[in-house]
Amino acid sequence: MTAPGSSSTPDRALRVAAILAAAGGAALALGFLVAPDRAWMNLLLASFALVGLGLAGLFFVAFEYVTGAGWSVAFRRVPEAMTALLPAGALGLAAVFLLHPSIYPWTAPVAGKIEAVAHFKHWWLSRPFFLLRAAIYLAIWIVLGRAMVRTSRRQDQDGALDHTRRNARLSAIFLVLAGFTVWLASYDWIMSLEPDWSSTIFGVYHFAGMFTSGLAVIILLVIWLSKRGPLHDVVNPAHLQDLGTLLFAFSTFWAYIWFSQYMLIWYANIPEETVYFTRRMHGIWATLFLMNLLLNWAVPFLALLPRRHKRDPAILGKVALVVLAGRWLDLYLSIFPPFTPARPLFGVWELGALAAVAGGSLLLFHRAFCRASPVPLRDPLLAESVHVH
């Protein structure tokens, strides 16, 4: 096993990540001057994606502690390091909320649309309350995430079981609070882009997509670090099979929530509800609408049915990449149609946001991962995890 801070992550990959992050950031900066509306929408998408990946890592760690799971302890430092994406995503969201609030139509309702945000919705979508809620959500996630990671790493020093017990308590608190805050944040930051529409299942839908994409990132990082890095002698095919099973299960859960939302709105056929789907089921948008279901569910479901595919790093890694592409498309479909109803737009500003997230997230992950031992050396369940089968 590798000593703390000595991760042998390939320098070439980090150089590529730095180039992507710099190029993507420069493209977005230029976009704020040339095409500000699209640039701000892409910043919202990129920031929400970063926060989602950080939260997914934190959810994975919390589930592990609460259930007393031992199989994933060997690579727990991977989802722990993913929590470093939370502050970066929070900064991007803060920039959108503070510097370009007009991305949300309810900040300046036009005549004839005031009724759509009346009564409770008008109160809920007041800007001061919106900003206060966002600050509370992000503070809860970042504070609890840092506390759990710090406690886990302290165990490397003294091996005390009290650290495991403390993290189990923190994890229970996080899961309860996050269950509400992630649900509400999805409403506030994404659904309120179309304040004339609402869905009670929208928060669960985005949690499913967030956690599924987080599993895909964990899979890619674990495969990468087990092939060329410090997890080479730690991760075995049984770990990959369990991760593949989780990806298979949660992609199906996402599809179940997707169908539940669509089917109920289609069946009721109420105009103020169907407007969300009618915007996304005409012209080229309809093709992307179907691709969303294909990438996020059909491909992972069919590809991961055989047991051997879950244990094969090459196949499992490709499926994880497909799921990540699907998550990006899912967020694109959640944000862009009301602003570009005629046709989807994809150009340098969208590529810039994608490059910035891909490169920046890898750099942030690597920096956090190298701050501690690649594995929790003194965790009491480490031996069980290393020899899992």
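Is Trp 197 buried or exposed? Trp 197 is buried, with a relative accessible area of 2%, where buried means under 20% relative accessible area, exposed over 50% and partly exposed in between (1.4 Å probe, protein chains only). The model is predicted, so local features need pLDDT of at least 70 and side-chain atom pairs count only at pLDDT 80 or more, while totals for chains, interfaces and linings use all residues. Residues are numbered from 1 along each chain as its sequence is written, and side-chain values use heavy atoms, with hydrogens and water left out.

**Aromatic pairs**

- The structure holds 41 aromatic pairs; rings of Phe, Tyr and Trp (its six-membered ring) pair if their centres lie within 6.5 Å, and planes under 30 degrees apart count as stacked, over 60 as edge-to-face and the rest as tilted.
- Trp 141 and Trp 189 form an edge-to-face pair, because their ring centres are 5.9 Å apart and their planes stand at 75°.
- Trp 141 belongs to helix 6 and Trp 189 to helix 7, so this pair ties together parts that are 48 residues apart in sequence; helices (H or I, at least four residues) and strands (E, at least two) are DSSP runs, numbered from the N terminus.
- Trp 141 counts as buried at 1% relative accessibility, and Trp 189 is buried with a relative accessible area of 1%.
- Trp 197 and Tyr 276 are stacked, since their ring centres lie 4.0 Å apart and their planes meet at 15°.
- Trp 197 sits in the loop between helix 7 and helix 8 (202-228) and Tyr 276 in helix 10 (residues 271-278), so the pair joins parts that are 79 residues apart in sequence.
- Tyr 276 is buried, with a relative accessible area of 6%.
- Ring pairs link a cluster of residues, including Trp 197, Tyr 276, Trp 254 and Phe 289.

**Salt bridges**

- A search of the whole structure finds 12 salt bridges, each being a side-chain nitrogen of Lys or Arg within 4 Å of a carboxyl oxygen of Asp or Glu.
- Arg 38 and Glu 350 meet in one of these, at 2.5 Å from N to O.
- Arg 38 lies in helix 2 (residues 36-67) and Glu 350 in helix 14, so the contact ties together parts that are 312 residues apart in sequence.
- Glu 350 counts as buried, at 1% relative accessibility.
- Glu 80 pairs with Arg 76, with the closest N and O atoms 3.1 Å apart, and both Glu 80 and Arg 76 are buried.

**Surface patches**

- Patches are made of residues with over 30% relative accessible area and no salt bridge; like charges are joined within 9 Å, and nonpolar side chains (Val, Leu, Ile, Met, Phe, Trp, Tyr) within 5 Å.
- Accessible areas come from the Shrake-Rupley method with a 1.4 Å probe, and for residues only the protein chains shown count as cover.
- Arg 146, Arg 150, Arg 154, Arg 166, Arg 169, Arg 367 and Arg 371 gather in a patch of positive charge on the surface.
- Lys and Arg count as positive and Asp and Glu as negative, while His and the chain ends are not counted; the place of a charge is NZ of Lys, CZ of Arg, CG of Asp or CD of Glu.
- Helix 6 gives the most to the positive patch, with 3 residues.
- Arg 371 lies in the loop between helix 14 (348-369) and helix 15 (382-386) and counts as exposed at 57% relative accessibility.
- Phe 259, Met 263, Leu 264, Trp 266 and Tyr 267 make a nonpolar surface patch of about 620 Å².
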